[in-house]
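Here are my notes on the model you sent. They go through charged pairs, disulfides and packing in turn.

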Amino acid sequence: MKSTILVLSLFVLFYIGATTATLGVDIAAATTVSQFTCLKNAGYVYAIIRCWRSTGTSDPNAPHSIANAWDGGMKDVDVYFFPCVGKSATTQVQDAVSFLKQSNSKYGQMWFDIESNPSSGCGWTSSTTTNCNFLGSLLSEARALGVKPGVYSSASQWSSIMGSSCTIGKSYPLWYAHYNNAPNFNDFSPFGGWTRPNMKQYEGDKTVCSVGVDLDYY
């Protein structure tokens with residue numbers, strides 16, 4: 001009898017875990033209402049839209065894509081921000097927030113993208129201390145403007161850009177990248193002061209519903 005109860009308990013726990021998994025996408029390209037509806041029907045229920053490009057400029061596609069995501073049935077819509085270290089951190093955040101406000105864009109979290117930046121004049125410096133402080137300025141300015149900030153990175157990118165001793169983002173949500181095609185957190189190892197993640201990018205450069213996306217889980 002006890003063994004039967006144990007098996008049933010394990011099954012219930014497994015079932016609850018399986019049914020509470022939430023899948024979404026992050027997108028850099030212009031995306032239509034019909035494409036978001038298609039994504040929703042395919043099981044992806046939230047979207048993260050690029051609002052700031054690696055060149056340190058706003059993404060003109062963002063306002064329409066954000067509106068289209070809501071109209072297409074996404075239950076949550078966030079934005080991500082690819083910073084340019086060659087420009088002022090505070091000014092970039094101010095400009096991004098103003099840009100989204102002007103278009104009355106509704107979004108939840110603003111995720112700061114910490115990965116190698118290929119744009120001319122915008123790459124991270126060779127000083128992890130300088131880079132860490134730059135991220136701190138991004139995060140604090142976002143908070144000062146009433147925005148809910150988070151951090152996107154991977155363990156390897158964080159180590160090379162910010163250094164193992166940088167924990168400036170640990171009090172903010174973490175969206176980490178690890179392309180193992182597994183929508184779960186079983187692979188997560190602490191870095192940057194984070195002991196647990198909030199979201200995972202588990203596969204990149206996919207085409208779903210005729211739009212280029214990365215696949216995410218929380």
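1. Salt bridges. Three salt bridges are counted in this predicted model, a salt bridge being a side-chain nitrogen of Lys or Arg within 4 Å of a carboxyl oxygen of Asp or Glu. Residues are numbered from 1 along each chain as its sequence is written. Because the model is predicted, local features need pLDDT of at least 70 and side-chain atom pairs count only at pLDDT 80 or more, while totals for chains, interfaces and linings use all residues; side-chain values use heavy atoms, leaving out hydrogens and water.

2. Asp59 and Arg50. Their side chains meet in a salt bridge, 2.7 Å from N to O. Asp59 is buried at 1% relative accessible area, whereas Arg50 is partly exposed at 21%. Here buried means under 20% relative accessible area, exposed means over 50%, and partly exposed is in between, with a 1.4 Å probe and protein chains only.

3. Asp187 and Lys200. The closest N and O atoms of this salt bridge are 3.0 Å apart. The pair links distant parts of the chain, with Asp187 in the loop between β6 and β7 and Lys200 in strand β7, 13 residues apart. Helices (H or I, at least four residues) and strands (E, at least two) are DSSP runs, numbered from the N terminus. Asp187 is partly exposed, with a relative accessible area of 21%; Lys200 is buried, at 0%.

4. Glu203 and Lys206. In this salt bridge the closest N and O atoms are 3.2 Å apart. Glu203 is buried, with a relative accessible area of 18%, and Lys206 is partly exposed at 32%.

5. Asp216. The side chain of Asp216 makes a polar contact of 3.1 Å with the side chain of Trp175. A polar atom of the Asp216 side chain also lies 3.1 Å from the backbone nitrogen of Asp26. A polar contact is a pair of N or O atoms within 3.5 Å; within protein, one must be able to donate a hydrogen and the other to accept it, and residues adjacent in sequence count only if both atoms are side-chain atoms.

6. Disulfides. A search of the whole structure finds three disulfides, each defined as a pair of cysteine sulfur atoms within 2.5 Å. With bonded cysteines counted along the chain, the pattern is 1-6, 2-3, 4-5.

7. Cys38 and Cys209. The S to S distance of this disulfide is 2.1 Å. The torsion about the S-S bond is about -80°, so the disulfide is left-handed. Cys38 lies in helix α2 (residues 33-41) and Cys209 in the loop between β7 (199-208) and β8, so the pair ties together parts that are 171 residues apart in sequence. Cys38 is partly exposed at 34% relative accessibility, while Cys209 is buried at 16%.

8. Cys84 and Cys122. The sulfur atoms of this disulfide are 2.1 Å apart, and with -80° about the S-S bond the link is left-handed. Cys84 is buried at 1% relative accessible area, and Cys122 is buried at 3%.

9. Cys132 and Cys166. This disulfide has an S to S distance of 2.1 Å and, with 80° about the S-S bond, is right-handed. Cys132 is in helix α5 and Cys166 in the loop between α6 (155-161) and β6 (174-177), 34 residues apart. Both cysteines are buried.

10. Cys51. Cys51 is buried at 0% relative accessibility. Phe99, in helix α4, touches Cys51 and also Asp59, among others; contact means heavy atoms within 4.5 Å.

11. Nonpolar packing. Of the 52 residues in the largest nonpolar core, Leu39, Phe81, Met110, Phe112, Trp158 and Met162 touch the most other members. A second, separate core of eight residues includes Ile48, Trp111, Ala177 and Met199. A nonpolar core is a set of buried Ala, Val, Leu, Ile, Met, Phe, Trp, Tyr and Cys residues joined through side-chain atoms within 4.5 Å. Contacts of Phe81 include Cys51, Met110, Trp111 and Phe112.

Terms used. Lists of a residue's contacts leave out its neighbours within four places in sequence.
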